[in-house]
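Hi everyone, thanks for coming. I'd like to walk you through a structure, so please take a look at it with me.

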Amino acid sequence: MASLFVGLMVTPALGAASPSADAWPQFQADGAHSGSTSAGPQPPYRQIWRFDPGLSGRFGVSAPVVAGDLAVTVAPRALYGVDLATGTQEWAIERDFGPAVPPALVDDGAHTFVVFTEGFGPNPPSEVFAAPTEGPSSGSAPSPTASGSASGGSADPGSDASFDSRVAAVDLATQQPVWDAPVQLDAISRTGVTVEGTTAYVGDDDGVVTAIDAASGEVRWSYDAPGPVATSIAATAAGVVLATQPEPNTTAVVIALDPTDGSERWRFAPAIPSISTVSAIEGDTVYLGSTDQTGSRMLALALADGSRRWETAVNSQVSPLTSPVVTGEAIVAVDAYTQVYGLDPATGERIWDHALNTLTVRGVPVLVGHSLLIATAAGELAAIDTDSHDLTARAAGTGPGGYLGPIAVTSQLVIAVKGGHRPGLVAFAHDPLASLTSIPSPTVLSIGTMLGNFALAALPLLLLLGLSGRWLRAHLGPAFAEDLLDPEAGGGPA
Amino acid sequence: MTNRNKRRRAGYREPRPATTQARATGAAARPGLLTSLFTPRVAGSTNMPRLGSSILRGLTVTLGTPALLLGTALLVLLGWIAALRWGYQGPAPELASMLAMTPVGTLFDLRLTSAVLGVGGGPTALLSMLPFAIVRSILTGVILGLAVEILDSGRSSVSGARRGLRVAPLVLVVGVIQLGFFIVAGYLGALIPGLAMFVRVGTVTAAVYLLAYAPIVQLREGCGVLESLSTGSRAARIPGTGSLAMALLFTVPALAISQLPIGGFGVNPSAWTWVFVLSVNLLHVSVIATYAYRWMCIEDEVPDPTVRAPSRRR
């Protein structure tokens, strides 16, 4: 298990990549999950390529990360390097069968390497018994040929049907392991990797959070949370914030740790069992969403002590996979029915909202300049202008249908996870031929439209029903005939 | 000859004399909780009209009376505008349950409270819901008063609405009791998760079955809260009246409509949404009128309460 046999599936580059300073090194851009960039293509968009690694089954690819001219994504059995210019596969590195969760890129000045998790543990999903179908996108590169994972694990599916959970690092240029040995985990990791400074953080299903020296792969500290840690960990130099998932006898909590030694700073435990979104950190405040049986809300907690600064109700449930976008001017959150809320960072007051009224379960919003991009379950990339609050563009991915998921942004491209049948990545670029729309939110009152529609409905309906009522009344007669034998009522026998 | 088509005296009636007959007949006259369910309808055994006739009469009262027809539409529009002012954003089809009888209407109140005030459950939500419940009681009372007056005299007037206002407190009491049914249903549903939906529907049906007549009883008989509740539940249990079927006929579709995931968030409903909302609310008003009619048909045959024999002191 400790062997460092590297299964490389290096393939020649098929497209010329133009070097750039693009970087989206981890889920939601950085350890704090700010999810925003000032440089990126502005709407409207059109899809320019699709990367299809030939996956089948229920597992797709992870949120992409970007370094230079390369996007990296994790599939259940391999990491893929994708040329940003053409969307073709640059290389693939086999990994132990494991959850497709976001990797993180680390640049140590001399090299850029990708840190990723792997391994479904001793009880992998049934897909392990099926023949692997992952391969290069059609016509773009030869199939992987080598066996064994980058970390030297048991990558032969079905051999022992057990895949140790590990954290590994591979150099992007050479596809060689960076650490002496991968970091062994005790349980499956689904959080993906968060990197802050020189430390990489991962959590696992046993609730263990492990801080690893990104350069050497040495474990700095670990922390045992009271429940599974299955969503991305937020980290800044001032604190590490994670959310646990509820279990039958354990409620979910949000926990802040000291990044230096992993000591627990505070624990936010709602009175009612709830599910939290991924946190985002801005300055001294943690922002997250929460859903329980009483409703859903966005919360701001003090990073220092976990005290609640504000909470604001939102209309629909919030997905545990999403995260708010944090800027100095506003907190932008999206609920599962794709209603976007712009909230005052200081008070939580709703400044604006836009209801797209379509499902978003895996979509995580990102802010590109003043355009908020959100990928929907229907496979659309929607752009909402944060100044006008109008919907300015809506682009649908081509090819097999499926949801769009987490996004990475470069100066020229918006790269999103494509789910559903034949999952992979899709890239959108600015479409100079299309024009912007300016569709206000249906939650903005137009008194003329509202009353006009009412009149349009009510007048014929009431006329029709009124005539029906008169006819019924004439045919049925009075409910009770004149008093016959009720002397109390002043009547007498008829 | 039955007194089925006998004209009733309008509005308030003097309370009936003491229950001498009940004392004489003892417990035999008292129907069981589910007697009406298991007793077949025998021709001439009750003045209660069949369900179809009742519903048709309720519809006739609602649709054939401009005050109710236009009033319903106006109430819905005003309700929507008020909700918007409080920050409600829809979905607009939820408004279809606005004029529903309790406890379905109470669910609407709870949802509105949650959406407007951001409180979703617990004592805070129940307290916050109180203003909505009071408004609902007033509206239901007025509709009831008008329906009774129309059934009695064929006309609607301010005095009918005023009489209806007097029973608003009882409508509120009924709503609170029915809320208790909901809370019990919640606990029962948690005990048997697989059947939670059936438990909820069953509980709501039971609440309607036992309590729907109470406000009409007070309106017609002028009796107190407890006596109205008691008389109403006895009326529901009269064998062969189909009261449980009527309750089911109301609760199942009403709950289904109130739970339908239709429409997105938005404050400018389309014309079709308005058609849906207005139509369903008119049906809800018809249900109130239907219950008024059904009570008026059987008000003279409701058995008196059984007087329990005083327990012997040892």
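Let's start with a question: among contacts in chain B between residues at least 6 apart in sequence, what percentage join residues at least 24 apart? It's 77%, where two residues are in contact if their C-beta atoms, placed from the backbone, lie within 7 Å.

Some housekeeping. This is a predicted model, where local features need pLDDT of at least 70 and side-chain atom pairs count only at pLDDT 80 or more, while totals for chains, interfaces and linings use all residues. Residues are numbered from 1 along each chain as its sequence is written, and chains are lettered from A and ligands numbered from 1 in the order in which they are written.

Staying with chain B, you'll find 13 helices and 0 strands there. Helices (H or I, at least four residues) and strands (E, at least two) are DSSP runs, numbered from the N terminus. Of the 314 residues in chain B, 50% count as buried. Buried means 20 or more other C-beta atoms within 10 Å of a residue's own, exposed means 12 or fewer, and partly exposed is in between, with C-beta atoms placed from the backbone.

Now the cores. A nonpolar core is a set of buried Ala, Val, Leu, Ile, Met, Phe, Trp, Tyr and Cys residues joined through C-beta atoms within 7 Å. The largest one has 131 residues, and A:Val114, A:Val115, A:Leu381, A:Ile407 and A:Val414 have the most contacts inside it. Its largest share, 5 residues, comes from strand β35 of chain A, residues 413-418. Leaving out residues up to four places away in sequence, A:Val414 touches several others, including A:Tyr45, A:Leu381, A:Ile407 and A:Phe428. There's also a second, separate core of 94 residues, and that one includes A:Ala479, B:Leu59, B:Leu63 and B:Ile288.

Most residues other than glycine have a negative phi, and most peptide bonds are trans. Here, A:Pro43 and A:Pro44 are joined by a cis peptide bond, with omega about 0 degrees. A:Pro44 sits in the loop between β3 (36-37) and β4 (45-51) of chain A. Over in chain B, the bond from B:Gly90 to B:Pro91 is cis too, with omega near 5 degrees, and B:Pro91 is in the loop between α4 (66-85) and α5 (104-117).

Last one: is A:Ala29 buried or exposed? A:Ala29 has a positive phi, near 80 degrees, and counts as buried because 22 other C-beta atoms lie within 10 Å. A:Asn357, with phi near 55 degrees, is partly exposed, since 18 do.
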